[in-house]
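Me: I have a model open and want to learn how to read it, feature by feature. Can we start with strand pairing?

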Amino acid sequence: MKQSHLLFGFTLLSGLLLNSCFDSKEKEYQSTADIPVSREMIAELTSPPHVPTPVGRRKAKKLIVEMEILEKEGEMTDGVKYMYWTFGGTVPGSFIRTRVGDEVEFHLQNHPDNKLPHNIDMHAVTGPGGGAESSFVAPGHEKTFSFKTLNPGLFVYHCATAPVGMHIANGMYGLILVEPEGGLPPVDKEYYIMQGDFYTKGANGERGLQPFDMQKAVDENADYVVFNGKVGALTGDNALTAKVGETIRLFVGNGGPGLVSSFHVIGEIFDKVHVEGGDLINENVQTTLIPAGGAAMMEFKVDVSGTFILVDHSIFRAFNKGALGMLKVEGEENKTLYSGEIRDDIYLPEGPGIQNMPTTDEIVASEIPAKSFEEQMEFGKQTYMQTCFACHQAEGQGIPNAFPPLAKSDYLNADVDRAIGIVLHGKTGEITVNGNKYNSVMTRQMLSPDEIANVLTYVYNSWGNSKKVVTKTMVEKVKNSK
Ligand SMILES: [Cu+2]
């Protein structure tokens, strides 16, 4: 059938019968610009990490999008507030899901309580400024414009009001998906993630309402690099979830404004990546690059249970600036695919071959026991710098969301025997230290009772802690009580 026939039939009847006829014939259009739209539909918008229902086999429609801009205070991390500028009240902004050929009627509303004018530039738009020129809207006003989605793919949208960098840095970005005709192949779970870098007057972790720092932004010297607008948006109770055997699709964008993301999921391999959000599919990818103002779609099947950590593999951003999320996969373990630790052996290249790791009972202090408090402190500090430092840091300050502080730790100071037990046996499960929750793993430390007594004495007598002295006898008592 020719295009003119289709259009003719459509205007005459637009009935079910003809709609199903379009299903098979739409591909015959010369260009996506010619795809006709049938009926109107209000777009479903979702806040991250959720995405709207897939388009499936629906026809191209006139799709009404109503997006409200809200300037509102939020929390960057514990105790740190930030004035976010948002599309739809969240960072990133509401997810918009369209299909190729849709005619999007976009209503951009600037809430009357907002202080500034804004607009929107959608990378899915073919037209001047991606819509920015037609959508510049003052507080208390609404602007309407429309566009046709010509190219399938995953696209970034953002505010483009001067100073553009500042509007983006404050959280004004999101994703708009244009599905191909017939929709993307179905998967079990879909999630929406967007990275962004934030620049605050105070250093990372400095409390209070933090204003935007223009100079740091110009220097691309970010204090926070985060997924979904804040530290911890995708960790702990907010973690993404899945079940073993499911296929996951991630829609990942990067709002920037400054930094490029090396997106990686620790312990997973992307079966498929829609490179840069377009049609090109790369397979079996470890880390995919997401440019500022760009996006990518990844698909992978989760075969093994456990917690998988999402990071920007510019790794200090993950562990020190917040670019860390979690995907918790529930289900059966699969020992064939991943055994877990099988054995922990001592490796001595010049020794008598492989032996089993001694239990703490068999560990004998290599050094002469400390005779005084000063010696305990000295030896304890050595052990601390060799053993504990990597996680709990030089001044016992820990690392937010990963390693709890030992400095002024209410948890530590409340119970000496419990602290001894943690160093003896390790610790996992949720604990609260100074009001913050941690749910991680501290492995068993291979230390003698003397060394444990010294290191804990050092910890208790440093950084504002309760100045307890821990003796070898106390350590042995805890050890034998189990
Ligand atoms: Cu803006």
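Me: Which residue is the bridge partner of N110 in β7?

Reply: Bear in mind that this is a predicted model. The partner of N110 is H141. To read a pairing, find the two strands, then their direction, then the partners. Here β5 and strand β7 (residues 141–148) run antiparallel and are joined by eight bridges.

Me: Which strand runs parallel to β5?

Reply: That is strand β2 (residues 62–77), joined to β5 by eight bridges.

Me: Why is strand β5 described as largely enclosed by the rest of the structure?

Reply: Look at burial, residue by residue. Buried means under 20% relative accessible area. Seven of the eight residues of β5 (residues 103–110) are buried, so the strand is largely enclosed.

Me: Now a whole sheet. What is the strand order in the open sheet of five strands?

Reply: The order is β13-β21-β20-β15-β18, and the pairing is mixed. The edges are β13 (240–243) and β18 (287–290), each of which pairs on one side only. Neighbouring strands of this sheet are turned by 20 degrees against each other on average, direction ignored.

Me: How many bridges join β20 to β21?

Reply: Six, between residues 306–312 of β20 and residues 324–330 of β21, and the two strands run antiparallel.

Me: On to the metal. Which residues coordinate the copper ion?

Reply: List the donor atoms, then check distances and angles. The donors are H118 (ND1), C159 (SG), H167 (ND1) and M172 (SD), at 2.0 to 2.5 Å. Along the chain they follow the spacing H-x40-C-x7-H-x4-M.

Me: Why is the site of the copper ion irregular?

Reply: Go by the angles. Four donors count as tetrahedral if all angles lie between 85 and 135 degrees. Here the angles among the four donor atoms are 88 to 137 degrees, and the site is irregular.

Me: Are H167 and M172 buried or exposed?

Reply: H167 counts as buried, at 2% relative accessibility. M172 is buried too, with a relative accessible area of 0%.

Me: Next, rings. How many aromatic pairs does the structure hold?

Reply: It holds 14. For each pair, read the centre distance, then the angle between planes. Take Y84 and F198: the ring centres are 5.8 Å apart and the planes are at 80 degrees, so this pair is edge-to-face. Then ask where the partners sit. Y84 is in strand β3 (residues 80–87) and F198 in strand β10 (residues 189–198), so the pair ties together parts 114 residues apart in sequence. Both Y84 and F198 are buried.

Me: What is the geometry of the aromatic pair of Y458 and W463?

Reply: Edge-to-face, at 5.6 Å centre to centre, with 80 degrees between the planes. Y458 is buried at 9% relative accessible area. W463 counts as buried at 18%.

Me: Which residues form one aromatic cluster?

Reply: F227, F263, F270 and F300 do. Rings can also meet a charge. The charged end of R418 sits over the ring of Y411, 3.6 Å from its centre.

Me: Last, loops. Where does Q210 lie?

Reply: Q210 is in the loop between β11 (208–209) and α5 (214–218). Check burial first: Q210 is buried, with a relative accessible area of 6%. Then check contacts across the sequence. Q210 and Y82 are 128 residues apart along the chain, and 5.5 Å separates their C-alpha atoms.

Technical notes
Residues are numbered from 1 along each chain as its sequence is written. This is a predicted model: local features need pLDDT of at least 70, side-chain atom pairs count only at pLDDT 80 or more; totals for chains, interfaces and linings use all residues. Side-chain values use heavy atoms; hydrogens and water are left out. Donors are N, O and S atoms within 2.8 Å of the metal (3.2 Å for Na, K and Ca); water is not among the atoms, so sites may look incomplete. Four donors count as tetrahedral if all angles lie between 85 and 135 degrees; four count as square planar and six as octahedral if opposite donors are over 155 degrees apart and all others between 65 and 115; anything else is irregular. Buried means under 20% relative accessible area, exposed over 50%, partly exposed in between (1.4 Å probe, protein chains only). Rings of Phe, Tyr and Trp (its six-membered ring) pair if their centres lie within 6.5 Å; planes under 30 degrees apart count as stacked, over 60 as edge-to-face and the rest as tilted. Helices (H or I, at least four residues) and strands (E, at least two) are DSSP runs, numbered from the N terminus. A charge sits over a ring if NZ of Lys or CZ of Arg is within 6 Å of the ring centre and within 35 degrees of the ring normal. Two strands pair if DSSP finds at least two bridges between them. Axes are lines fitted to C-alpha atoms, for helices over the stretch in contact, and angles run from 0 to 180 degrees between N-to-C directions.
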